[in-house]
Amino acid sequence: MSRGKHTRVLLLNDMEKLDKTLFRLEQGYELQFRLGPTLQGKHVTVYINYPAAGELFDRHKFRCLTWHNPTGKEDDSDKYCKLELQISGSYQYYFTHENQKGGGGYLVVDPILRVGADNHVLPLDCVTLQTFLAKCLGPFDGWEDRLKVAKESGYNMIHLTPVQKLGLSRSCYSLADQLEVNPDFSSSSKKCSWNEMGKLVEKMKNEWNMLCITDVVYNHTAANSEWLTQHPECAYNLINSPHLKPAWLLDRALWHFTCKVAGGKYSEKG
């Protein structure tokens with residue numbers, strides 16, 4: 001027997017504050033926006049940044065949804081606009097009436113995870129994840145043996161901190177080059193590449209029944225990044241962030257004081 005379509009209804013009410021409420025939905029669901037009691041009889045327009053068919057997602061691009069009125073009732077009791085949720089991700093909606101914003105909120109469409117040679121579904125509630133600090137895994141040719149420990153321990157997902165080239169601080173998320181694989185993963189006999197990493201991820205998925213994820217924080221770009229040298233306007237500075245001047249002055253004062261202490265200028269003062 002085929003599985004029927006699931007429909008979820010979201011009632012819209014005037015001035016309802018849902019900016020801090022997150023609605024969680026699944027792929028394949030139909031989401032219907034219907035008018036609550038406070039909006040009955042009003043001209044309401046619903047906007048959402050969920051992409052139209054054939055378009056790419058743009059967080060800042062909202063489109064207007066079309067109202068359906070199957071019975072033609074004048075009281076708006078059966079009036080709704082709908083979305084077929086086929087693309088996972090987080091989205092924002094809002095509605096207006098009388099040319100003013102009346103409310104809005106956020107929704108998340110959960111992804112469907114699949115693993116194994118048969119591409120079976122891994123339910124989100126069944127994910128058991130092990131985090132590895134990528135910089136501590138050593139040369140890439142030894143990763144498979146190290147990561148396999150997680151598989152044998154019963155985990156079905158591996159999380160890696162960024163695998164890109166790190167900055168001078170050696171912090172796991174401070175990247176010197178977002179497009180280059182960390183050269184520390186290469187050995188004298190073999191250079192690590194994105195292609196080699198991709199092959200291991202596919203092996204984990206198809207043979208180990210495991211998924212692999214990683215994350216980056218782009219505003220954690222390392223101070224010695226060549227990209228920042230070329231685009232200094234992309235970093236916090238006293239021109240684009242003048243409110244940071246007091247912090248900068250304090251930092252410089254502490255730096256000069258530290259240099260004097262290290263130089264022995266305060267050795268006689270306790």
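What follows is a chat about a predicted model of one protein chain.

Student: How much of it is buried?

Tutor: Buried residues account for 32% of the 270. The accessible surface comes to about 17,500 Å², with 54% of that belonging to carbon and sulfur atoms.

Student: And what share of contacts join residues at least 24 apart?

Tutor: That share is 59%, counted among contacts between residues at least 6 apart in sequence.

Student: Switching to annotation. Which domains does UniProt place here?

Tutor: An unreviewed UniProt entry puts "Eukaryotic glycogen debranching enzyme N-terminal" at residues 31-115. "Glycogen debranching enzyme glucanotransferase", also from an unreviewed entry, is placed at residues 121-262.

Student: What are the helix and strand contents of those spans?

Tutor: Residues 31-115 are 0% helix and 47% strand, and their end C-alpha atoms are 27 Å apart. Residues 121-262 are 33% helix and 17% strand, with end C-alpha atoms 60 Å apart.

Student: Where does A117 lie?

Tutor: In the loop between β9 (113-115) and β10 (120-122). A117 counts as exposed, at 75% relative accessibility. From A117 to N224 is 43 Å, C-alpha to C-alpha, and the two are 107 residues apart in sequence.

Student: Let's do charges. How many salt bridges does a search of the whole structure find?

Tutor: The search turns up 11. One of them pairs K5 with E30, where the closest N and O atoms are 3.6 Å apart. K5 sits in the segment before β1 and E30 in strand β3 (residues 30-35), so the pair ties together parts 25 residues apart in sequence.

Student: Are K5 and E30 buried or exposed?

Tutor: One of each. K5 counts as exposed because its relative accessibility is 52%, while E30 counts as buried at 7%.

Student: What about R170, which partner does it have?

Tutor: R170 forms a salt bridge with D184, with the closest N and O atoms 2.7 Å apart. R170 is in the loop between β13 and β14, and D184 in the loop between β14 and α2 (194-207), so this bridge ties together parts 14 residues apart in sequence. Both partners count as partly exposed, R170 at 36% and D184 at 40%.

Student: Which residues are joined into a network by shared partners?

Tutor: K5, E30, K82 and E84 are joined into one network. Another bridge has E196 with K190, the closest N and O atoms being 3.5 Å apart, and K190 is partly exposed at 45%.

Student: Which non-glycine residues have a positive phi?

Tutor: R170 is one of them, at about 65°. M15 is another, with phi near 60°, and M15 is found in the loop between β1 (7-12) and β2 (17-26).

Student: Last one: which residues make a nonpolar patch on the surface?

Tutor: L238, W248 and L249 do, with about 280 Å² of accessible area together. W248 belongs to helix α4 (residues 245-262) and is partly exposed, with a relative accessible area of 42%.

Conventions
Residues are numbered from 1 along each chain as its sequence is written. This is a predicted model: local features need pLDDT of at least 70, side-chain atom pairs count only at pLDDT 80 or more; totals for chains, interfaces and linings use all residues. Side-chain values use heavy atoms; hydrogens and water are left out. Patches are made of residues with over 30% relative accessible area and no salt bridge: like charges are joined within 9 Å, nonpolar side chains (Val, Leu, Ile, Met, Phe, Trp, Tyr) within 5 Å. Accessible areas come from the Shrake-Rupley method with a 1.4 Å probe; for residues, only the protein chains shown count as cover. A salt bridge is a side-chain nitrogen of Lys or Arg within 4 Å of a carboxyl oxygen of Asp or Glu. Helices (H or I, at least four residues) and strands (E, at least two) are DSSP runs, numbered from the N terminus. Buried means under 20% relative accessible area, exposed over 50%, partly exposed in between (1.4 Å probe, protein chains only). UniProt positions are given in the numbering used here, feature names are shortened, and annotations may be inferred rather than shown by experiment. Contact means heavy atoms within 4.5 Å.
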